[in-house]
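Look at the sequence and the model first, then read on.

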Amino acid sequence: MPPLLARTLFLIGVIGLWELASQTGWINPFTAPPPSKIWGGFIQIIQAGELGAAFMWTFIEALGASTIGTIGGIAIGWWLHSSKKIGIAYTSWVAAAASAPLVLLYPLFLVIFGRNTSTIIAMGALGCMPAIILKAKDGLDGVRPVLLNVGRAFSLTPRQQFTMIQFPAALPVIFTGIRIGLLFAII
């Protein structure tokens, strides 16, 4: 059997089992609605002409969440890097937050922001921030000392040393954190 045919038959089988399990009540239809209802809802969205607007709205929410998460994550990562005691004290907390199911905070965000776009953006920003914080701190901690010594040899102020040496040297690692954070913001 050709691989493409085998994959297609497997996918049809999984969807068929899902439909059967949901229709018979083996799976709660509220948790996993039958594929026929999902497909029907998708067709309704297309017919109503709301697909483009829904896509743009989701894009704007993800962009807002990732922007807030990136700015906040880089700032907090720099803070954890610049203050060694605070970095030692709180980096493990940030790592724990990265592995925690932050979706459990959704009811709290509903109380704080209400049922609107602000809740979605805040949840996305909170979801992407730990990865960006950790990578920003790692990137700034990983700047080679020889680069910092060159900056001192040229009598750069701490601000110049950060903007001309440390931040540009840490950018590849920071962008890795942003890429990972974007995935969490979209989810």
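Buried means under 20% relative accessible area, exposed means over 50%, and partly exposed lies in between, with a 1.4 Å probe and protein chains only. The model is predicted, so local features need pLDDT of at least 70 and side-chain atom pairs count only at pLDDT 80 or more, while totals for chains, interfaces and linings use all residues. Residues are numbered from 1 along each chain as its sequence is written, and side-chain values use heavy atoms, with hydrogens and water left out.

Side chains of opposite charge can pair when their charged atoms come close. A salt bridge is counted here when a side-chain nitrogen of Lys or Arg is within 4 Å of a carboxyl oxygen of Asp or Glu. That rule gives 2 salt bridges.

One of them pairs Lys84 with Asp141, with 3.8 Å between the closest N and O atoms. The two residues are 57 residues apart and belong to distant parts of the chain: Lys84 is in helix α4 (residues 84-99) and Asp141 in helix α6 (residues 117-141). Helices are DSSP runs of H or I with at least four residues, numbered from the N terminus. Lys84 is exposed because its relative accessibility is 52%, whereas Asp141, at 35%, is partly exposed.

Asp141 also forms a salt bridge with Lys137, at 2.5 Å from N to O. Lys137 and Asp141 are 4 residues apart in helix α6, so about one helical turn separates them. With 13% relative accessibility, Lys137 counts as buried. Through shared partners, the salt bridges join Lys84, Lys137 and Asp141 into one network.
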